[in-house]
Amino acid sequence: VIPYLGVYLTDLTFIEDGNKDYLSGRLINFVKRQHVSHVIREIQQYQNDLYALEPVSVLQQWLRNITYFEEDQMFDISLQLEARGGKLKKSKTGKKDTPEYPHTFSIYGELEDIPGFLFY
């Protein structure tokens, strides 16, 4: 398992912003420091682990061929997939209209046949 650093950064941000540095004006808030220490200790634990990662050529090729969109294109696509107000737009047939964009939303169909490639 490779940890996602963003979770730890979010935790540190909430600890920092949600707790006072000092209690009663002059006393150091050691509980806050303990929380920060715990998060940092977890990060250090993962830094000490060795990761035996091997290149997966099919995955690398797939990543190289992803279709990228500009921000305004992504916004338009998001409105098509989920209109404002939380409801999908309906087509003339009355079914929820979900446009398809190659190599952007579903990777499992192409990658699940890779030997040793696990999805969690």
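Predicted model: local features only at pLDDT ≥ 70, side-chain atom pairs only at ≥ 80, totals over all residues.
Helices (H or I, at least four residues) and strands (E, at least two) are DSSP runs, numbered from the N terminus.

Residues are numbered from 1 along each chain as its sequence is written, and side-chain values use heavy atoms, with hydrogens and water left out. Local features need pLDDT of at least 70 and side-chain atom pairs count only at pLDDT 80 or more, while totals for chains, interfaces and linings use all residues.

On the α1 side, Leu5, Tyr8, Asp11, Leu12, Ile15 and Glu16 meet Lys32, His35, Val36, Val39, Glu42, Ile43 and Tyr46 of α2; contact means heavy atoms within 4.5 Å. The residues of this contact of α1 with α2 divide into 8 nonpolar, 1 polar and 4 charged. In this division Ala, Val, Leu, Ile, Met, Phe, Trp, Tyr, Cys and Pro count as nonpolar, Asp, Glu, Lys and Arg as charged, and the others, Gly among them, as polar.

Lys32, found in helix α2, is buried, with a relative accessible area of 0%; buried means under 20% (1.4 Å probe, protein chains only). Beyond its neighbours within four places in sequence, Lys32 is in contact with Ile15, Glu16, Asn19, Lys20 and Asp21. A polar atom of the Lys32 side chain lies 3.1 Å from the backbone oxygen of Asn19.

The backbone nitrogen of Lys32 is in turn reached by the side chain of Asn29, at 3.2 Å. A polar atom of the Asn29 side chain also lies 3.3 Å from the backbone nitrogen of Val31. Asn29 sits in the loop between β2 (27-28) and α2 and counts as buried, at 7% relative accessibility. Asn29 and Asn19 are 10 residues apart in sequence and 8.2 Å apart in space, C-alpha to C-alpha. Neighbours within four places aside, Asn29 is in contact with Asn19, Lys20, Asp21, Tyr22 and Leu23.

How values were computed:
Buried < 20%, exposed > 50% of the residue type's maximum accessible area, 1.4 Å probe, protein only. Polar contact = N/O pair within 3.5 Å; in protein donor to acceptor, adjacent residues only side chain to side chain.
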